[in-house]
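Work through the exercises below with the sequence and structure at hand. Each task is followed by a solution in steps.

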Amino acid sequence: MDLNSAIGRAREHSPFLARLLEQEAGVLDGDWLADPIAHARVADGDMGVARRLRIERRRVALLVALGDLSGAYDLRRVTRLLSDFADHALDVAIRAAIEERTPGAQPQGFVAIALGKQGSRELNYSSDVDPILLFDRATLPHRERETADEAAIKIARRATELLQTRDGDGYVLRVDLRLRPAPEASPIALPVGAAISYYESQALPWERAAFIRARAAAGDLSLGRRFLVAIRPFVWRRALDYGAVAEIRQISGRIRDHYAQGQAFGPGYDLKRGRGGIREAEFFAQVHQLIHGGRDRALRAPATLDALAVLADAGWIAPEQAATLAQGYTLFRTIEHRLQMVDDRQTHSLPTSPEALDHVARLHGVEGGAALLDLLWPQVAAVAAVYDTLGETDRPAVPADAQLLEARLAELGFDPADQAMRRIGDWRSGRYPALRSPAARTALEAALPEMLTSLATASDPYQALIRLDAMLARLPSAINLFRLLEAQPALARLLSAILCHAPTLAEALARRATLLDGLMDASALEPVGEVAELAAEMLPRDAGMPYEAVLDHARAVVGEKRFALGAQIVAGTSDPLTVAAGYARVAEAAIETLVTATVAEFAAQHGRVPESELVIVALGRLGGGLLTHASDLDVIYLFTGDYRAESDGAKPLGAVLYYNRLAQRVTAALSVATASGPLYEIDTRLRPSGGQGPLVVSLEGFARYQRESAWTWEHMALTRARPVFGSPAAREQVAGIIRRVLEGDRPERDVVAEAREMRAEMARHKPAQGPLDVKLAPGGLVDLEFTVHVAQLVHRTGLHPDLPTAIAALEAAGLLPEGLAGAHALLTRALVTFRLVAPDAQLPPSASRALVARALGQADWDSAVASLDAARQRVAEIWAAVSETKQ
């Protein structure tokens, strides 16, 4: 640190700092570097608030400037100190204004929400502050015969007056209140409820960007934090409106046009608004935060340098881009401070006078104006180049002329091109409700070049276009879809593959186009996490969210995860067996999240049954941990404890009635469709006594039924049973019952004969639906499962709900011949894939057959068919041998 050099440069090149050095010479005594704000405090308790703050401000201005010029403080430290003093001054002014009007009252119910650089703690040396002033009618102190609204306006005026009135001691802060909602018509302080309503329903895209950096800075901070939590969904949207991002970029373009004189680099260049300047580095970060921050909370860093770092760490921008912008931003902000230190003016432009430019350069410590320009120019050019990568696509527009359009479509591979042309003509004419507004058709035209190029990459471009057409016909709005596809070419290509190959996923998109947003994350095409991780993601971040909102949030996450899992098969990034396990983990996490919320909601009204709890047992594919996109969830509801007990709530219920009503609520939570889409079909027919029995039974009743009354098919179902909800102790109780029953604590029956008869009955009443029904066809998965379950029950070994594990144990024990493990893997891969590609079990279009072969690990379609035939033949042979065995 060279403090003497800094003082010398300040005296020679900054009239403002030279004056402060004369006025406040004594403030340099002592150790002020560690905490200049505390060092600058005025100890005179009798001095008026306004004068005390003015003196403190000029002391802080001097100390921070010298810390900056001497190299003791870097940019982050400088801006943090300036922002902290602004927070302090604003808070003192608000408290003083309340105290003047209502002496002795608590300073509550009034808050300043800092926006802009104060919000991100990046204030510059001579900056305005841009707060939004809010109040709570219920808690704001006010005089008799005065409403809270009247008091709030008077408090706001007085606080502003204390801060920005000038006298011989200077001023404290310039206050700009024009960032509040509708400033031309609204009062300077707004009721917090009205502000929330505005941001939820009327706010403009630029206001979303402004709130990236919002912070409760002064006054009633708890009120401010509650307000920011309430409007968080407005700022950070999971489903991004790319129109908002486009508008943010248009703002930058309008700034370039409006400040045209400051765009050209050289004397007079505007460091803030000029091409390649401060604003472009900030906007670049904010656009990417708006795109990705709704899904990744780590990206919501308010400060520009922090935002660039986290965006690079997350892979959303290149590390080289982040480094370029950070270097440029740091230099520009530093020189901006030098400009403002000269005369304490809020200026951002380099002087046009050579003499004045030399003073700024020498204050910074370089030789003169030419050297300063040489220092700045490479960084300005580099920042401009990075920012321009946000530019619009240069892909040519899609022709409007019918003949030209048809020729273009034929060139891209759409066959028949004339039919494709007619479909696009329908879109352009607004045939569908989603395309009738001018904004929708504008968005369509912007997206159409990329859409058609992406559709052309599909194996059958025309078929993909037809499915897109069907999707558009059902959408209520398509604007955001078009903007998303225009902005994300890779996503457009994946969409074309989904439309071409996966009617199940295309149907889901037609119901909820925002499912596509989830594929923007790079992790969307990777295996999903474990159950605990998924359950945590399904929980809302905001405590106190209403029950229905909790359900909707979980349903939205489940829908996105299931869609992304299906997309992994289309994209070829995951083995269908991995996807099947992922489907099961998502379902189990949904049960954990939604049932926990439903139990709590039910208990709020009816209490809980003492020493008792709900337990959910998974069976079938869920129990085995391998689901398809279309799988039902087979479950049994049980409860522990005394069935004669009663709940302890305001509206008590007997245990049996309590758990039966609770189970109905749980089933609804897991299955009822809402705006976020449906979840799962819940099948409870495997419960004791089937459809004739109660929905829920006690653990004791379940054990007794399985030991004394259950049929062979029910014990076969029990081989894949595992608890998926309940405390560890309760789960172990249930697992113990299941284990003992399977090991022999059950009625003696002719398992082989009953299973053989049951399978024949099933074949008569539920035959295969088509040539690709690898579940119900002879030698399919049902035959394989019967084979394994009969062996498990007869030999009382290999008792594991995971079929591959059970098969391995039975083969190792010599109880089943080899071949089932490979057949199970191949048939399961086929089932998972066909549920997406051929949900009707009919042969898929020729274009989709290569995808099927790849998913099955085969070289081509013919090899895939031959492998499936061989696997089914082997299963049929083994089932025939097992079903003819004498028990």
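**Exercise 1.** Is glutamate 877 buried, partly exposed or exposed?

Solution. The model is a predicted one.
- Step 1: the relative accessibility of glutamate 877 is 40%.
- Step 2: buried means under 20% and exposed means over 50%, with partly exposed in between.
- Step 3: glutamate 877 therefore counts as partly exposed.

**Exercise 2.** State how many salt bridges a search of the whole structure finds, then describe the one between arginine 722 and glutamate 588.

Solution. 
- Step 1: the search finds 49 salt bridges.
- Step 2: in one of them, the side chains of arginine 722 and glutamate 588 meet at 3.1 Å, N to O.
- Step 3: arginine 722 is in strand β11 (residues 722-725) and glutamate 588 is in helix α26 (residues 576-606), so this pair ties together parts that are 134 residues apart in sequence.
- Step 4: glutamate 588 has 12% relative accessibility and counts as buried.

**Exercise 3.** Which parts of the chain does the salt bridge of glutamate 785 and arginine 720 tie together?

Solution. 
- Step 1: in this salt bridge the closest N and O atoms are 3.3 Å apart.
- Step 2: helix α33 (residues 781-795) holds glutamate 785, while arginine 720 lies in the loop between α30 (712-718) and β11, so the parts tied together are 65 residues apart in sequence.
- Step 3: glutamate 785 and arginine 720 are both buried.

**Exercise 4.** Classify two of the ten aromatic pairs that a search of the whole structure finds.

Solution. 
- Step 1: a pair of aromatic rings is described by the distance of the centres and the angle of the planes.
- Step 2: for phenylalanine 265 and tryptophan 377 the centres are 5.3 Å apart and the planes are at 40 degrees, and the pair is tilted.
- Step 3: phenylalanine 265 lies in the loop between α11 (242-258) and α12 (278-292), and tryptophan 377 in helix α16 (residues 369-387), so the pair ties together parts 112 residues apart in sequence.
- Step 4: phenylalanine 265 is partly exposed at 26% relative accessibility, and tryptophan 377 is partly exposed at 45%.
- Step 5: tyrosine 658 and tyrosine 659 have ring centres 5.0 Å apart and planes at 75 degrees, so their pair is edge-to-face.
- Step 6: tyrosine 658 is buried at 3% relative accessible area, and tyrosine 659 is buried at 3%.

**Exercise 5.** Describe the surroundings of arginine 300.

Solution. 
- Step 1: arginine 300 is in the loop between α12 and α13 (304-313).
- Step 2: with a relative accessible area of 16%, arginine 300 is buried.
- Step 3: the side chain of arginine 300 reaches the backbone oxygen of glycine 293 at 2.8 Å.
- Step 4: leaving aside neighbours within four places in sequence, arginine 300 is in contact with Arg232, Trp236, Gln289, Gly293 and Gly294.

How values were computed: Residues numbered from 1 in each chain as written. Predicted model: local features only at pLDDT ≥ 70, side-chain atom pairs only at ≥ 80, totals over all residues. Heavy atoms only, no water. Phe/Tyr/Trp six-rings, centres within 6.5 Å; stacked < 30°, edge-to-face > 60°. Helix = DSSP H or I, 4+ residues; strand = E, 2+ residues; numbered from the N terminus. Buried < 20%, exposed > 50% of the residue type's maximum accessible area, 1.4 Å probe, protein only. Polar contact = N/O pair within 3.5 Å; in protein donor to acceptor, adjacent residues only side chain to side chain. Contact = heavy atoms within 4.5 Å. Salt bridge = Lys/Arg side-chain N within 4 Å of Asp/Glu carboxyl O.
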